[in-house]
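Hello,

Here is the structure I promised to pass on. Please open it first, then read my notes below.

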Amino acid sequence: MKRSLIFSLLTSAALLAPLSSEAVTITIQYNDGPSEGFNDATLGPARKAAFEYAAAVWANRLSGTINIVIAAEMNPLGGGPTSALLGFAGPDSAHANFTGVPISNVWYPTPLANQLGSTPTDRNGGTEEIAAQFNSDVDNPVVLGSTDWYYGLDENAGTDISFVRTCLHEFGHGLGFVGFLTTDGNGDNPDGTYNTLPGVFDLFIENNGGTDLSGMATATRLAALTSDDLYWNGASVTGSIGSRARMYAPAVWEPGSSYSHFREATPVLGVEELMEPILNGDSIVMTHTDNAFADIGWSILGPTALPQMDFDSGNPVAIAEGSGAQTFTVTLTSTNSQPVTATLQLNPNGTDTATPGVDYTVSSTTVSIPSGTSTTFTVTAPIDGNESDETFTMRLTRMVGAEFATAPTVQRTITINNMSSVNDWQVLE
Ligand SMILES: [Zn+2]
């Protein structure tokens, strides 16, 4: 990724940046030709809609007063039947020691430097702050075979690749979630060294022993980058999750992936962090991401910008066979500004003893809250021939227009109390 590093010369103004809690604006500058890429006659409108949706998600969760311009292109970047570069984005430049800078002698990516500086002037001459490029070949039958971009705004990409979530992820890099080091000879500066200064991202990355990257000797830093033992240690992250967050640092350096991502977590509850190197089909959460952005200096509006969804705490933990339709409630923490939908996934871990459709039935596996703050569904368990209690698990996943409250609560396990004998009913009465 090419980056020009420009020391700011804007030191004369004494204006203070207003303390802002308003959402930053992000505008898109499409740089494709008249009938290709984002301007493709057939796919262009859907491509633009998805791209702008992803930009709006970020704009709604970051506070700032200086517009961010994303220069966007879709180009035939090639690829094979099973692997291809999907796209990339990065800050157009970085700045240090500008007036109002929170930490001296550190590179700040332009989109962030603009918000933090005390001069409300675009530091990049009014052109773009983020450059983003995505691979239009994904839509052809050769690159990734029949897998194409999915341009829908929901989470129903199926076997295709969600363009929205890919854009969300790449914009995260462009907005500052990126380290400036390489170990593969492809950087602007010798492997494991900084271009005169560390990036602000690097200040929060440390080894297991707590030595941060920027404070290491070059040889130690090079080893750390492929140690599989790197951590994010910033007050917002540790305050949120109670520990450091582990970073992606595989033993073999992966250009574009190593150390500028959170380490893939063991899949938990069908959710994963936005800034992991590989996004599977699970729902996205941005808990670590939001907090890391706060650590590097962004003022975060979200996740309160979106309501959080969860099972209601008063829901039954057990239902009895033959007791009829039992009501379960899904709640939002605030009134939604857009329709909220999710999927109720049954037996998500494959370990249930009860079988859906046999031991119990759910009135709907689509959760929809078009307005207000809650919706209900019912679960019915008929009396069957089994002579023991069974359990089933429900998970909220594929959420659109809302976020998970906290990951461990989006899944609930319910016991079906066996009611096959007369004695059971007598006990109930
Ligand atoms: Zn990435």
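This is a predicted model: local features need pLDDT of at least 70, side-chain atom pairs count only at pLDDT 80 or more; totals for chains, interfaces and linings use all residues.

**Helix α4 and what follows it**

The cover over the buried residues of α4 includes β12 (230-232). Helix α4 runs over residues 218-225, and its buried residues are Arg221, Ala224 and Leu225. Viewed down the axis of α4, these buried residues fall within an arc of 100°, so they line one face of the helix.

Asp228 sits in the loop between α4 and β12. Its phi is positive, about 50°, although Asp228 is not a glycine. Asp228 has a relative accessibility of 28%, so it counts as partly exposed.

**The zinc site**

Which residues coordinate the zinc ion? They are His169, His173 and His261, each through NE2, at 1.9 to 2.0 Å. The sequence spacing of these donor residues is H-x3-H-x87-H. His173 and His261 link distant parts of the chain, 88 residues apart. His173 belongs to helix α3 (residues 163-174), while His261 lies in the loop between β13 (245-247) and β14 (271-273). Both His173 and His261 are buried.

The loop between β13 and β14 also holds Tyr259. Tyr259 has a positive phi, near 65°, and is a residue other than glycine. Is Tyr259 buried or exposed? Tyr259 is buried, with a relative accessible area of 0%.

**Cores and helix α1**

The largest nonpolar core has 65 residues. Within this core, Phe51, Trp58, Phe163 and Trp232 have the most contacts. Helix α1 (residues 44-59) gives the core its largest share, 7 residues.

Phe51 deserves a look on screen. Another core lies apart from the largest one. That other core has 22 residues, among them Phe311, Ala342, Val362 and Met394.

Back to helix α1. It has 16 residues. From first C-alpha to last, α1 reaches 22 Å, close to the 22 Å expected at 1.5 Å a residue. The buried residues of α1 include Gly44, Arg47, Ala50, Phe51 and Ala54. Ala55, Val57, Trp58 and Ala59 are buried in α1 as well. What covers them includes the strands β2 (26-30), β3 (62-63), β4 (68-75) and β8 (130-135). The cover also includes the helices α3 and α6 (287-296).

**The whole protein**

How many helices and strands are there in the protein? There are 7 helices and 26 strands. The protein has 429 residues, and buried residues make up 47% of them. Among contacts with a separation of 6 or more, 67% are between residues 24 or more positions apart. The protein exposes about 18,100 Å², and carbon and sulfur atoms supply 53% of that area.

Over to you.

Best wishes

Note on methods. Residues are numbered from 1 along each chain as its sequence is written. Side-chain values use heavy atoms; hydrogens and water are left out. Helices (H or I, at least four residues) and strands (E, at least two) are DSSP runs, numbered from the N terminus. Buried means under 20% relative accessible area, exposed over 50%, partly exposed in between (1.4 Å probe, protein chains only). Contact means heavy atoms within 4.5 Å. Accessible areas come from the Shrake-Rupley method with a 1.4 Å probe; for residues, only the protein chains shown count as cover. Donors are N, O and S atoms within 2.8 Å of the metal (3.2 Å for Na, K and Ca); water is not among the atoms, so sites may look incomplete. A nonpolar core is a set of buried Ala, Val, Leu, Ile, Met, Phe, Trp, Tyr and Cys residues joined through side-chain atoms within 4.5 Å. The expected span of a helix is 1.5 Å times one less than its number of residues. The arc is that of the directions from the helix axis to the C-beta atoms.
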